[in-house]
Amino acid sequence: MKHRAAPTLLLLLGLALAQNASPLKLDLTLNLTLNLVKTVTENGRPVEKFTPATQNFPGDVLSQVVTVTNTGSKALSNVRIPLNVPRNTVYLAPEKGMADLQAQYSIDGGKTFAPAPLKKTVTVTENGKTTTRQVDVKPSEYQAVRWTVPNLAPGQTLKLGYRIQVK
């Protein structure tokens, strides 16, 4: 009987503590924008124009940007910001003029991330022999991007993003 009482008491204690525990709350706002990128000529020079992406067609280049703001009174550290590459699009490149943070990429739907260049194992048949080898993953195969913000001061805002193309 002693052996059964101890686990039961631990379970009840754990449940009581869990009821009083508050969930982790980050004072952080994320605002996602998706803009159509068009190159036009002004004064004989190419200039990029951004408009809200309300209707997209195959071949359109879009800028997907998340604005991150610390709305709290304390600095936040090592905040991970993941951003999925939308379906029916392919990743092209980091967006210009964004925060200078190293991005990590995922080719498995955001389960794992690593810095570029990513590698994958492929099986090929050469001269009748099957072999495996490591090859570079093309950026167009990226399914998600993640940045880790080392420090975000109270009130600080930064932008992170990349360009994609509609399939």
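1. The sheet of β4, β9 and β6. In this predicted model, an open sheet is built from three strands, which follow the order β4-β9-β6 and pair in the antiparallel sense. The edges are taken by β4 and β6, and each has a single partner strand, so one side of each is left without a neighbour in the sheet. From one strand to the next, the twist averages 25 degrees.

2. The pairing of β6 with β9. These two strands run antiparallel and are joined by four bridges. Within this part of the structure, alanine 103 stands opposite tryptophan 147, a residue of β9.

3. The nonpolar core. The largest nonpolar core holds 25 residues, and Ile81, Trp147 and Tyr162 are those that touch the most other members. At least two residues of this core come from each of β3 (61–70), β4 (76–84), β6 (103–106), β9 (144–152) and β10 (157–166). The largest share is that of β10, which supplies five residues.

4. The surroundings of isoleucine 81. When neighbours within four places in sequence are set aside, isoleucine 81 is in contact with Leu28, Leu30, Val66, Val68, Val145, Arg146, Trp147, Val149 and Leu160.

5. The hairpin of β7 and β8. Strand β7 (residues 119–126) pairs with β8 in the antiparallel sense, over eight bridges. One of the pairings places valine 122 with arginine 133 of β8 as its bridge partner. The two strands form a hairpin with two residues between them, and in the turn asparagine 127 has a positive phi of about 50 degrees.

6. The exposure of β8. Is strand β8 largely in the open or buried? Strand β8 (residues 129–136) has eight residues, and the number buried is zero, so the strand lies largely in the open.

7. The setting of threonine 89. This residue belongs to strand β5 (residues 89–94). Threonine 89 counts as buried because its relative accessibility is 11%, and buried means under 20%. A polar atom of the threonine 89 side chain lies 2.5 Å from the backbone oxygen of proline 86. Apart from neighbours within four places in sequence, threonine 89 is in contact with Ile164, Gln165, Val166 and Lys167.

How values were computed. Residues are numbered from 1 along each chain as its sequence is written. This is a predicted model: local features need pLDDT of at least 70, side-chain atom pairs count only at pLDDT 80 or more; totals for chains, interfaces and linings use all residues. Side-chain values use heavy atoms; hydrogens and water are left out. Buried means under 20% relative accessible area, exposed over 50%, partly exposed in between (1.4 Å probe, protein chains only). A polar contact is a pair of N or O atoms within 3.5 Å; within protein, one must be able to donate a hydrogen and the other to accept it, and residues adjacent in sequence count only if both atoms are side-chain atoms. Contact means heavy atoms within 4.5 Å. Two strands pair if DSSP finds at least two bridges between them. A nonpolar core is a set of buried Ala, Val, Leu, Ile, Met, Phe, Trp, Tyr and Cys residues joined through side-chain atoms within 4.5 Å. Axes are lines fitted to C-alpha atoms, for helices over the stretch in contact, and angles run from 0 to 180 degrees between N-to-C directions.
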